[in-house]
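Here's a quick briefing to read with the model open. Start with the surface charge, then move on to the pairs and the overall build.

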Amino acid sequence: MTDKVLVAYGTTNGSTARIAEAVADVLRKDGLAVDALPARSVPSVAPYDAVVIGGGLYAGRWHKDARRFVRRHGRALTGRPLWLFSSGPLDATASERDIPPVPGVKKAMARLDARDHVTFGGCLEEGAKGWVAGMILRSGKGGDFRDFTAIEAWAERVAAELRNGT
């Protein structure tokens, strides 16, 4: 049984942070001790028995904080149970079908022997930071496409694997 889990995330406008918190809440309800933290603020993964890393997708790449986290802690992540998630599509595609990881995430999965990856819909709403975000919003393509039922179901599968020690 795993004692302590880290859910680390890279986010710009908070959408991925909210997904990470939802994952952490499910794991806590399953009896696990969980910290949900911005990836850039994690000094070490040593206190954790398992790790979940999430990153928003921007122009086909994982959020820079998630990428840096994987590079900085790569050696320590090897051998720990590890799951990855991405958030990003600003449409319903993530709810309609599995979206494979972007190339950089796929490489990290292979290098770190991650157990699973899932892509969830993203969220971009008025007030979002960044020039590109503003352009997307002005074009009418923003909105909230996160499916919290799917997010919680995935987190329950992670919890079951941790509970079963698989």
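Helix α2 (residues 64-77) is the top contributor to the positive patch, giving four residues. Helices here are DSSP runs of H or I with at least four residues, strands are runs of E with at least two, and both are numbered from the N terminus. Keep in mind that this is a predicted model: local features need pLDDT of at least 70, side-chain atom pairs count only at pLDDT 80 or more, and totals for chains, interfaces and linings use all residues. Residues are numbered from 1 along each chain as its sequence is written, and side-chain values use heavy atoms, with hydrogens and water left out.

**Surface patches**

- The positive patch is put together from Arg61, Lys64, Arg68, Arg71, Arg72, Arg111 and Lys129.
- To be in a patch, a residue needs over 30% relative accessible area and no salt bridge; like charges are joined within 9 Å, and nonpolar side chains (Val, Leu, Ile, Met, Phe, Trp, Tyr) within 5 Å.
- Lys and Arg count as positive and Asp and Glu as negative, while His and the chain ends are not counted. The place of a charge is taken as NZ of Lys, CZ of Arg, CG of Asp or CD of Glu.
- Arg68 sits in helix α2 and counts as partly exposed because its relative accessibility is 41%. The cut-offs are under 20% relative accessible area for buried and over 50% for exposed, with partly exposed in between (1.4 Å probe, protein chains only).
- There's a nonpolar patch too: Trp131, Val132 and Met135 make one of about 340 Å². Accessible areas come from the Shrake-Rupley method with a 1.4 Å probe, and for residues only the protein chains shown count as cover.
- Met135 belongs to helix α5 (residues 131-138), and with a relative accessible area of 39% Met135 is partly exposed.

**Salt bridges**

- Side chains of opposite charge can pair when their charged atoms come close.
- Searching the whole structure turns up six salt bridges, each meaning a side-chain nitrogen of Lys or Arg within 4 Å of a carboxyl oxygen of Asp or Glu.
- One of them joins Lys4 to Asp35, with the closest N and O atoms 3.5 Å apart. That pair links distant parts of the chain, since Lys4 is in strand β1 (residues 4-10) and Asp35 in strand β2 (residues 33-38), 31 residues apart.
- Lys4 is partly exposed at 30% relative accessibility, and Asp35 is partly exposed at 24%.
- Arg163 pairs with Asp30, the closest N and O atoms being 2.5 Å apart. Arg163 is in helix α6 (residues 148-164) and Asp30 in the loop between α1 (15-29) and β2, so this bridge ties together parts 133 residues apart in sequence.
- Arg163 is partly exposed, at 41% relative accessible area, and Asp30 is partly exposed at 27%.
- Glu161 and Arg115 also meet in a salt bridge (3.6 Å, N to O). Here Glu161 comes from helix α6 and Arg115 from the loop between α4 (103-112) and β6 (116-120), a link between distant parts of the chain that are 46 residues apart.

**Overall build**

- The protein chain has six helices and eight strands, running β-α-β-β-β-α-β-α-α-β-β-α-β-α from the N terminus.
- The radius of gyration is 15 Å, which agrees with the value near 15 Å for a compact globule of 166 residues. The radius is taken over C-alpha atoms, and the globule rule is 2.2 Å times the number of residues to the power 0.38.
- Buried residues account for 47% of the 166 residues.
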